[in-house]
Every structure is written in C-alpha cells, then in structure tokens.
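Student: I would like to go through this model with you. Can we take it piece by piece?

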Amino acid sequence: GITRHYKFNIQMQNVTRLCQTKSIMTVNGEFPGPRIIAREGDRLIIKVVNNVQYNVTIHWHGVRQLRSGWADGPAYIAQCPIQTGQSYVYNFTIIGQRGTLFWHAHISWLRLTLYGPIVIFPKKGVAYPFPQPFKEIPILFGEWWKADTEKIINQSLQTGGAPNISDAYTINGLPGLLYNCSAKDTFKLKVKPGKTYLLRVINAALNDELFFSIANHNFTVVEVDAVYVKPFKTNTILITPGQTTNILLKAKHFHPNATFLMAARPYATGPASFDNSTTTGILEYHQPSNKTKKSNKFPLLKPRLPIFNDTTFATSFVKKIRSLANAKFPANVPKKVDKHFFFTVGLGLIPCPQNQTCQGPNNTKFAASVNNVSFVQPNIALLQSHYFNQSKGVYTTDFPANPPFKFNYTGTPPSNIFVTTGTKVVMLPFNTSVELVMQDTSIIGAESHPLHLHGFNFFVVGQGFGNYNSSKDPANFNLVDPAERNTVSVPSGGWVAIRFLADNPGVWFMHCHLEVHTSWGLKMAWMVMDGKGPKQKLPRPPADLPKC
Ligand code: C2O
C-alpha cells in the first residue's frame, strides 16, 4: 500500500437549510465532510486541526485499527479530546478491509454535522466480486436540526428529560423537496440508461434507523459494513445509524426525461417520539439532447416505503444478509467460545439529585444501560490510563458478564427500573474468543438498539424475538455464513448473538449508535490485553496524543 495524507480543518461555516442559516461545525468548510479515499493496505495520515470553540475528536467508524487504537477516536475512551487551537495526527493502516465506511466526530453530539464517507477500494488489480459499476456514488443520510443540538443534549443530561427530535433528514446534506424551502436543496443523481451504479449508502443520522427506496427500481445488496455479502435483490433497504450498505442500482431504459424519487424515512418500533418526515432525492435519466428537454414532462414517481413500524420487513431484510463465505472471502466465525457474555441493553432511570427538579418520569432522570450499568464518562482516556497502568480512580474491571437480575424482558418490567452508574470495563486476554448475547429489555421505550463495536468486526450468529433461551437458541446459530459487521440492531423485544475474536490489543468502546441512548449511558468498553508475540502488542502512543 501507499501512504495518503489528509488535512481536516475543523471550522465553523454558515449553512442554510429549511429557510434558516446556521453556523455549523465542518471539516474544511464542507458539509457533509470530505471523502477519504484509500485502497486496502494503504496507510492514512490525517491531521485534524481544531479551529472551533468545542473539544473535538474524529472516529474512523468501522476501521479495524489493528494495533492502532490510539487513532480510533472516541473521546475519553481512546484519547483525550483535541482542544481549541490544537491538532492531532491520526495514523492508521487499512488492513483486510475494502468497501464503504465513514468518519464522524466522536464527542457529545458533534457528529451531527461532522461526518463524511470513507471509500476503500480493493488492492490494485483486484476486482469486485460483482460486475464493475459504471460509477460509484456515496449516499449519506443525516439529520438537520434548526436548534443548537449541543444545548439540547446538555440540557437533557442536566434535567433528565428527553431531548427534542430533528427537523429533517437529509441525503448528502440536503433535506429534499418534501420539506419547506427545500426544492433547491434536493440531491440529484443523473444516470445513463443501461448502466450500473454502486451506491455507497451510509446512515450518519443521530437517532433513527431508516428505510431507503427508489421508485420503480430494485437494488442488489453486495456489501455491508465493508464486508462483501451474498448478493440479493430488494426494493428497499433498512440501515441503522452506524451501518453502511453498498447496493448496485441498474439504470433501466426509461425515457431520457424520466425522473424518480428516492426516499428515506424512519423505521421505529415504539411510541417514542421520532421525526416521521421523509427525505428525498431525485434520480434523473440523462437527457441526450436539448430538444427533448422541454417537450416531454414526466411525472415524478414516488417509491412505496414500508410503514414506519414494519418489523416484518425489517426482520426479513436483516435475515437476508449473509457473508460470501467462499474460498476468496471466508467467514472466519469463531467455532469455539472461550467466554460467554449476556448483556441486557435498554433504558432505565436514575434518581433526581436532591434539591433539583428533574424532567424524567416521576421526577427522575432518563438513563440507559448495559447490564443495568449506565456508563459514566471518565475524565481521562481509558486507553491512556490502561497503557500507563493508572486505572485508579478512572475505571474498574468489574463490568458484569451477566445482568444483576433477570426478568421477562417482553412482559411487565420490574417495579424498580433504576440503573447503577460507573466506569466499568471487561478485561479480555489476547485472542479470547467471545460470544455475546444482547437482549433488549423493552423498559420505557420499545426501540431497537444499533450496537456498534469498535476495533472488531463480529459475526451475527443468531437473532430472535422474546427472551433469549441459552439451552435452545444456540442450536440454531449460523456458524457458516453469518453477516460480518460492526453495527447490529438489537431488535426491540428481542436479542442478537454475536461472536468475535479479541485479537486487537487496546480499549474498545461498544455503544448504542442512537446518540441519545449513548449520551444516557448505553455504552461500555472492552479492554484487550497485549499478547506475547511482537505483533500482539499495542505500540506506544504518538507524541502528539492530546492531554486531558
Ligand atoms: Cu460510529 Cu463509537 O461510533
């Protein structure tokens, strides 16, 4: 591979959407941010300079960061934030990955506007395992908020109330013509009849899983989370925040003036408030000459999306995602398991501090937890304190392997739904083979939780509804061609089972990729110890690693 250099200047920029101009944080003044391009095996050296009045970090979501945990990015986990006027060089190599990933800010809710695609091509001379597309186009979903989201989330954390919802979803930063004042702010994709396009779809939205579809067109799904899958056809995809999905779109032989609407809107399972609006873009067929341009007006055809709570569609879509699992792209599913974990994920409450009024139910604060532990962000990066053996007062290693109490997760919740708080991690010896079952508790909100694991790809070996049954369910696990990914949705009222090999020394964050749940504490960290071999150790931190 070669070395590629990028410079990310974090700076404010005025951007107008929905008839309102707002000063937002951007990389180099671009919104969405610049595209990172690499080939498998390349080294990326990205200098991030902070020119805004907020602390910033950047995360390279889905990049495995094999022995380069110092470049992973989550604030107070992998590094202290880059302060105003400071800079940090992220230095890492893309090992064994090709496909679509994305980068985003990883502190508070700054990823609202600080995000962009990472496009990883195969090694030189290596073809895709599907027909070479004519063109490749990133499609990024995001959210637009008129209000200041930093104020909103900080207020939510202080008062314990639920934060507001977004004002629009966006495709490549544009809300699309169904929103007020947005006819001009509509993403357009021009295609040539008969050609095949690779859409690199990224869900960078803060808080919502999305359905996506284009009128009168089918997609062929070929890759998820930068791993090839067995191709399958669908007219709609479901994509959770943190996931990426590569789809082939074949332009048909429509009249050269034909136009079609592409649309995305949420999949939501519960009564929890969400923005039920639709972002749209336009698929336009090329107009070969000016003559035909005005003469034929075609109606804009709209796609039919599943209804917002169509769990049947969601479940069947997810089940179709299978690894290629062939000689060239084997699925290295861990066959034996060294350590079993069972984590409950869901919402809960924390008591209101004395002399304060709180806006959660019955004067409490909303919280979220893993195994009833709501994660408290430390004041110094976990990776730093781990590396220098300074855990005291920063974290403890007693994160529970099982929930403190079990109940019927799909029935009436227990009367006490208070969570505990702490900065707890799981220690894993190098090369531990892990099986983790995550069970949604359905407490308070009926929502799916897109769990994202840093530092690894995992295999989704099982999934189901109701309570996980450890004596029955493993018999149905798929150890042959399960989806390999970095973000999986734990279904509302159900569970998923994943397996991964802890072959990457460092500290690895795992959290719900719905920003509101992360903020409320639905997060934890795995600490993978060094192995004995020279290639099994985490190197020293770079000299410019930010200090807290
Ligand atoms: Cu996409 Cu921890 O992040």
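**Loop residues and backbone angles**

Tutor: N28 is partly exposed, with 16 other C-beta atoms within 10 Å. The cut-offs: a residue is buried with 20 or more other C-beta atoms within 10 Å of its own, exposed with 12 or fewer, and partly exposed in between, C-beta atoms being placed from the backbone. This is a predicted model: local features need pLDDT of at least 70, side-chain atom pairs count only at pLDDT 80 or more, and totals for chains, interfaces and linings use all residues. Residues are numbered from 1 along each chain as its sequence is written.

Student: What is the phi of N28 near?

Tutor: N28 sits in the loop between β2 and β3. Strands are DSSP runs of E, at least two residues, and helices are runs of H or I, at least four, numbered from the N terminus. N28 is not a glycine, yet its phi is positive, near 55°.

Student: Which peptide bond is cis?

Tutor: Look at the loop between β2 (20-27) and β3 (36-39), where P32 lies. Omega is near -10° for the cis bond, which runs from F31 to P32.

Student: Is N389 buried or exposed?

Tutor: N389 lies in the loop between α4 (382-387) and β23 (420-422). Its phi is positive, about 55°, although N389 is not a glycine. It has 7 C-beta neighbours inside 10 Å, so N389 counts as exposed.

Student: Which residues is I417 in contact with, leaving aside its neighbours within four places in sequence?

Tutor: I417 is also found in the loop between α4 and β23. With 18 C-beta neighbours inside 10 Å, I417 counts as partly exposed. Contact means C-beta atoms, placed from the backbone, within 7 Å. By that test the partners of I417 are G348, L349 and I443.

**Helix, core and sheet**

Student: Why are the buried residues of α1 on the same side?

Tutor: Helix α1 spans residues 149-159, and its buried residues are T149, I153 and S156. The arc is that of the directions from the helix axis to the C-beta atoms. They share a side of α1 because they cover an arc of only 55°.

Student: What does the cover over the buried residues of α1 include?

Tutor: Just after α1, G160 takes a positive phi of about 85°. The cover over the buried residues of α1 includes α5 (515-519).

Student: Which residues touch the most other members of the largest nonpolar core?

Tutor: A nonpolar core is a set of buried Ala, Val, Leu, Ile, Met, Phe, Trp, Tyr and Cys residues joined through C-beta atoms within 7 Å. In soluble globular proteins, nonpolar side chains tend to be buried together. A525 touches residues including L382, V425 and W508, not counting those up to four places away in sequence. The largest core has 148 residues, and those touching the most other members are I77, I498 and A525.

Student: How many bridges join β7 to β8?

Tutor: Strand β7 covers residues 99-105 and β8 covers residues 115-121. G99 stands opposite I120 in β8. The two strands run antiparallel, and the bridges number 6.

Note on methods
Contact = placed C-beta atoms within 7 Å. Pairing = 2+ DSSP bridges.
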